[in-house]
Amino acid sequence: MLKAYLQKPTPGELLFAFKCLLAATLALYIALRIGLPRPFWAPMATCIVSQSMAGSVYVRAMSRLIGTLVGATVSVFLLAMFVNYTVLLCLLIALWVGACMYFSMLKRTTNAYAYTVAGFTVPVIIFSILGDINFINIQFITDTAIARAEETGIGFFCAIMVHSLVFPQNIGPVVVRRMDQVWKDIRQWTGYVLTATVPAGDAPRLTAAQIITDLRLLSANLPHDASNERWAAANIRLLQDRLTMMIPLISSIEDSVAALKKADKLSGYWEYLLDNIAVWIQQDDNSPQSARWLRERIKNGTPKITPGSSWDEALIVHLATDLEKLITFCESRADQRRAIDDCIRAAAVPPKSRPVPLAVLHKDRRLAFFVSASAVFTITIVSLMWVASGWSAGFCAPMMTSIFYLSFIRNDNSVAALKKVLLFTIYSLLPAGIYLLVVMYSTHSFETLMLLLAPCIVIVGIFMARPATGFGATIFMMGVWSTTTMYDLDMANATSFMNGQVFAQCFGIVMALLSAMIFRSFDAEWTTRRLLNSIGDEIAQLARSVKSPPVIHTTVRMIDRISVIAPRLSGLGNEKENLVSRLFSELRTGLNMVYLMHMRSRLERNGVDIRPLLDALSAYFSRRSHEPEERDAMLEQIDATLQKVCNMPSPIRQNAAVAALTGIRRDLFPDANPYSPHILVPKEMV
C-alpha cells in the first residue's frame with residue numbers, strides 16, 4: 001500500500017487533482033457570493049461526487065441532487081410534525097434510513113446513490129437542527145433545508161461542469177477497451193478448451209463473469225457520457241449479452257471434451273475439427289465462408305440419432321450442438337462489435353434487438369431487509385445514547401453512523417472499509433484542525449484562503465485518482481472539508497473541534513463499525529450458503545413456469561448471481577473448487593431446461609411430453625439433499641425422456657433436444673453409468 005502513495009503522479013492524476021481544485025474553488029466562490037449560510041458545504045459536495053469518469057460524475061451528482069431534495073422535503077415534514085417528540089423523531093429517522101438502505105441495495109445501478117443520499121440527508125439536516133434547539137421554528141426548519149439543497153446543488157453543478165468540460169475522461173472508451181480485453185481472454189480460454197493443451201480451471205469463467213457484470217453496471221452511465229460511445233450504449237449492452245452467453249457455453253464444451261477424452265471416444269476427425277475451430281476463433285476476423293465450412297464439417301461428423309443411439313453418440317451430438325452455437329455467437333459478437341464502431345463514427349444503425357434490462361439482475365431481498373433492520377437498530381441506539389446523555393455536540397454521532405452505515409454496510413467487506421474510514425478520519429484531524437483553528441483565522445480574502453487550501457486539495461486529489469488509494473484519500477478530504485463547515489456555525493474553536501469533530505464523529509464511526517462487526521460477520525456464512533442455494537431455487541421455479549422464459553435473461557441473471565457469490569467463496573476454504581463446479585453445473589442445467597421448454601410444442605407434436613421431466617426436476621431442486629432412491633428415480637426419468645426423443649419420427653429439433661437432455665444428465669449425474677438405449681421389440685415379432 002505504501003508503494004501506491006510513493007509513486008510519481010501521472011499527467012492524468014495531476015489533471016484530475018487540479019480539476020478537483022477548480023471545482024471546489026468555483027463552488028465555494030458561488031456559495032459565498034450569493035450569501036449561503038454554510039458555504040463550505042458546497043466544496044465538500046464536489047469532493048464527494050468527483051470521479052475520474054465524466055459520465056460517473058454526472059450520474060453521481062444528479063443522484064445526489066435528487067436525493068438531497070427528497071431528503072430535505074422529508075426533513076421539513078418530520079421536524080414540523082415531531083419536533084417536540086425527540087425519541088419518536090429519532091426512531092422515525094432510523095426507519096427512514098433503513099427504508100432507503102433497503103431500496104438502494106435492491107437497485108444495482110449507479111443511480112441507486114439517490115436512495116443513499118436521501119437516506120443520510122434526513123439525519124444530517126435534522127440532527128444538526130436539533131443540536132441548535134433554541135432557534136427551532138417552522139421558518140428556520142424550511143430555510144435550513146432549502147439552504148442545504150442549494151449548497152450541495154451548487155457543489156454538484158460545479159463538479160459536473162468542471163469534470164465534463166475540462167479535458168473530460170469519458171466512460172465509453174474505457175468500457176469498450178475492457179470488453180475487447182474480456183473477448184481476448186475468452187478467446188484464450190476457448191483455445192485452451194478446444195485444444196486441451198493447458199487445463200483452464202475455474203479462474204477464466206469466474207473472472208469473465210465478474211468483469212462483464214461490472215461493465216454492465218458501469219455501462220448504465222453511458223447515456224450521460226460525453227464520448228461518442230454514448231450513441232452506442234444499446235449496442236454495447238447487446239455485446240455484453242453476447243459475451244455473457246458464451247461463458248456457460250464454453251464451460252459446457254470444456255466438460256464435453258474432457259468427458260469424451262476421458263472415455264477415449266474423441267476421434268481424430270473431431271480433434272482436427274476442434275483445432276480448426278480454435279484457430280478460427282483466434283483470428284477474430286473471419287469470412288462467412290469459413291464459418292459455413294466449419295458448420296458443414298460439424299454436420300458431417302454428427303451421428304444420426306436413432307432409437308439405438310449410444311451415450312457416446314449423444315455426447316457427440318451435445319458437443320456438435322454447442323460448437324454450432326459457439327460459431328454463431330462468435331459471428332454475432334463480431335457483428336455487434338462492428339455496429340459499435342459504426343455508432344462511434346456517427347453511422348449509427350438501430351440495433352435489431354433490445355439488450356437485457358438491468359431489472360433482470362439478481363436482487364437479494366433477504367439480505368437487504370436484514371441489513372436495513374440492523375441499520376434501524378444501530379441508529380436508534382446511537383440516537384438514544386445522544387438524547388439520554390445531553391451531549392450538546394453529540395448530534396454528530398448518529399449523523400456519522402447514518403452516513404457511513406448507508407455508504408458501506410451493504411458491502412461484504414464493510415468491516416475493513418469502516419476500519420479504513422475511521423483510520424483516515426483520524427489522519428485528517430490534524431490538518432483539519434490546523435486549517436480550522438489557524439489558517440482560516442489568518443486569512444482575510446477568498447484568494448488567500450484558496451491559495452492555502454490548494455496544496456492539500458491537489459495532493460489528496462492525486463491519490464483520489466488512483467484506484468489503490470482513492471477510497472482513503474476521499475475520506476481524508478471529506479474530513480478536512482467537514483471540519484471547515486464548523487466555521488460557518490461560529491464553532492471554530494478548540495473546544496467545539498475536540499467535542500464535535502474528534503469525539504462525536506469518531507464515536508459515530510466506531511458505532512457503525514461495531515454494528516458491522518456484529519451483524520455483517522454474523523450473516524456472512526448464512527448469506528453465502530443461501531446464495532449458493534438460490535440458483536437451485538430458481539431452477540425449481542423455472543421448471544414450474546408455464547411460459548418459457550427468454551434464454552438470455554436467464555443466463556444474465558444466473559451469471560450475475562455467480563459474480564455476486566464468487567468473492568464470498570474465498571472464506572469457504574477447500575470447498576471453493578467444488579462449489580464453483582456446482583454453480584456452473586446448475587447454471588448449465590437451468591439453461592438446458594429453458595432450451596427444452598422452448599422446444600415443448602415441437603416435442604409434443606412428436607409424442608414427447610417433457611412436463612413430467614420438468615415436474616421431477618422442480619421437485620428435485622426444491623430439496624437440498626437427496627436419498628439414493630431419489631437420485632435413481634431422477635436419472636431414470638431423464639433416460640426415459642431421452643429414449644423418447646431418440647424415438648421421435650421427425651428429426652426436426654431432435655438433435656437440440658438430445659443435446660439438452662444429455663447436458664442435464666451429465667451435469668446432474670457426472671459419475672453415473674452411461675445411458676443405455678432400450679430398443680423395443682415390435683409387437684408383431686413377439
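Here are a few friendly notes on the cores, rings and backbone of this predicted model.

1. First, the ground rules. Because this is a predicted model, local features need pLDDT of at least 70 and side-chain atom pairs count only at pLDDT 80 or more, while totals for chains, interfaces and linings use all residues. Residues are numbered from 1 along each chain as its sequence is written, and side-chain values use heavy atoms, with hydrogens and water left out.

2. The largest nonpolar core has 103 residues, and those touching the most other members are Ile253, Trp270, Ile277, Leu323, Leu326 and Leu596. A nonpolar core here is a set of buried Ala, Val, Leu, Ile, Met, Phe, Trp, Tyr and Cys residues joined through side-chain atoms within 4.5 Å. Buried means under 20% relative accessible area, exposed over 50%, and partly exposed in between (1.4 Å probe, protein chains only). Helix H13 (residues 311–344) supplies the largest share of this core, 14 residues; helices are DSSP runs of H or I with at least four residues, numbered from the N terminus. Since domain 1 (171–209 + 230–347) and domain 2 (525–668) both contribute residues, the core lies between them; the domain bounds come from an automatic or database assignment.

3. Tryptophan 270 deserves a look of its own. Leaving aside residues up to four places away in sequence, Trp270 touches Ile298, Gly301, Thr302, Ile316, Leu319, Ala320 and Leu323, where contact means heavy atoms within 4.5 Å. Another core, of 91 residues, lies apart from the one above and includes Leu21, Val74, Leu453 and Phe497.

4. On to the aromatic pairs, of which there are eight. Rings of Phe, Tyr and Trp (its six-membered ring) pair if their centres lie within 6.5 Å; planes under 30 degrees apart count as stacked, over 60 as edge-to-face and the rest as tilted. Tyrosine 102 and phenylalanine 103 are edge-to-face, because their planes stand at 80° with the centres 5.3 Å apart. Ring pairs also join Tyr102, Phe103 and Tyr115 into a cluster.

5. Two charges are worth checking too. Lysine 325 places its charged end over the ring of tyrosine 595, 3.6 Å from the centre, and arginine 665 lies over the face of tryptophan 311, at 4.8 Å from the ring centre. The rule asks for NZ of Lys or CZ of Arg within 6 Å of the ring centre and within 35 degrees of the ring normal.

6. Finally, the backbone: aspartate 264 has a positive phi near 55°. Aspartate 264 sits in the loop between helix H10 (233–262) and helix H11 (268–283).

Definitions and conventions
Helices (H or I, at least four residues) and strands (E, at least two) are DSSP runs, numbered from the N terminus.
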